[in-house]
Structure formats: C-alpha cells, structure tokens
Amino acid sequence: MLDNPISYGLTIKNTKTMGKGVFTLIPFKKGEYIAPYSYEKKNEYTIANFKKKYGDDTLYTYRNQRKNLVISVKDNRNVITYINENKKSPNVILKSLKLYALRDIKRGEQLFLKYYYKTDFSV
C-alpha cells in the first residue's frame with residue numbers, strides 16, 4: 001500500500017457486506033481535511049496511454065479532468081481507494097485530490113464516498 005492509514009487517523013478493516021472499508025480511529029469535524037489522494041508520478045497517464053495499458057478497466061483510477069490525465073493506483077493502492085460508496089449518504093468528499101468530511105464523523109465510523117463516475121476515457 002502506498003500510504004499508511006494510521007498516519008491519517010484511519011484504519012482499513014473488513015465490513016459485513018462490502019469487503020474492506022475505511023474506518024476512523026479519531027473523530028473528524030465537518031469540513032475537516034482527512035487525507036490526500038496519494039500516488040506516484042509514474043501513475044499518471046494520458047488517456048491514450050491508460051487505454052493502451054488497461055483498456056476499459058477503470059477500477060482504482062481517478063480522472064483529473066483539469067489536466068486531462070488518468071491517475072491509476074491499481075498496482076499500488078492508496079488508502080482512499082478502500083473507501084466504499086454510499087450514493088444516498090456519503091460522509092466524505094474528494095476535492096482536488098484531498099479527502100474532506102462532509103459532516104461530523106464519529107470515531108469508529110466507516111467512511112463513504114459518492115463516486116462521481118467519469119469513465120468515458122475516449123481519446
């Protein structure tokens with residue numbers, strides 16, 4: 001794994017229904033910064049190069065639309081890629097490659113994102 005979740009007050013553990021998930025070790029206040037979306041520069045791809053290497057497999061990717069890049073952490077996942085989705089009540093948001101609390105989050109709570117799919121990696 002690329003980063004250590006404990007460094008951010010987080011842990012990764014099994015859930016009852018969703019495989020692994022990210023849980024808090026400490027509370028977070030609404031709007032508080034939690035963790036970065038960590039990756040190595042070698043994991044940045046142009047859309048064309050990403051498609052050559054991975055085809056249409058967009059699992060563990062982040063589309064940086066502003067820079068027209070795809071960031072893939074398939075081979076070296078970061079802590080944020082273990083956060084499960086909850087479309088109806090996410091409690092965190094990923095903005096500018098940084099994770100923030102959408103509301104107050106208690107110690108021991110599982111983190112949930114609402115994934116904003118932009119999987120049209122056409123060139």
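Where is the place of Arg 77? Arg 77 is found in the loop between β6 (69-72) and β7 (84-85), strands being DSSP runs (E, at least two residues) numbered from the N terminus. The structure is a predicted model, in which local features need pLDDT of at least 70 and side-chain atom pairs count only at pLDDT 80 or more, while totals for chains, interfaces and linings use all residues. Residues are numbered from 1 along each chain as its sequence is written, and side-chain values use heavy atoms, with hydrogens and water left out.

The side chains of Arg 77 and Tyr 60 are joined by a polar contact of 3.0 Å. Arg 77 is also 9.9 Å from Tyr 37, C-alpha to C-alpha, although 40 residues separate Arg 77 and Tyr 37 in sequence.

| Residue | Relative accessible area | Class |
|---|---|---|
| Leu 25 | 34% | partly exposed |
| Arg 77 | 18% | buried |

Leu 25 lies in the loop between β2 (20-24) and β3 (33-36).

An open sheet is formed by 3 strands in the order β4-β6-β5, with antiparallel pairing, where two strands pair if DSSP finds at least two bridges between them. Because β4 (44-46) and β5 (61-64) stand at the edges with a single partner strand each, one side of each is left without a neighbour in the sheet. Between β5 and β6, which run antiparallel, there are 4 bridges, and Arg 63 stands opposite Val 70 in β6.

How values were computed: Buried means under 20% relative accessible area, exposed over 50%, partly exposed in between (1.4 Å probe, protein chains only). A polar contact is a pair of N or O atoms within 3.5 Å; within protein, one must be able to donate a hydrogen and the other to accept it, and residues adjacent in sequence count only if both atoms are side-chain atoms.
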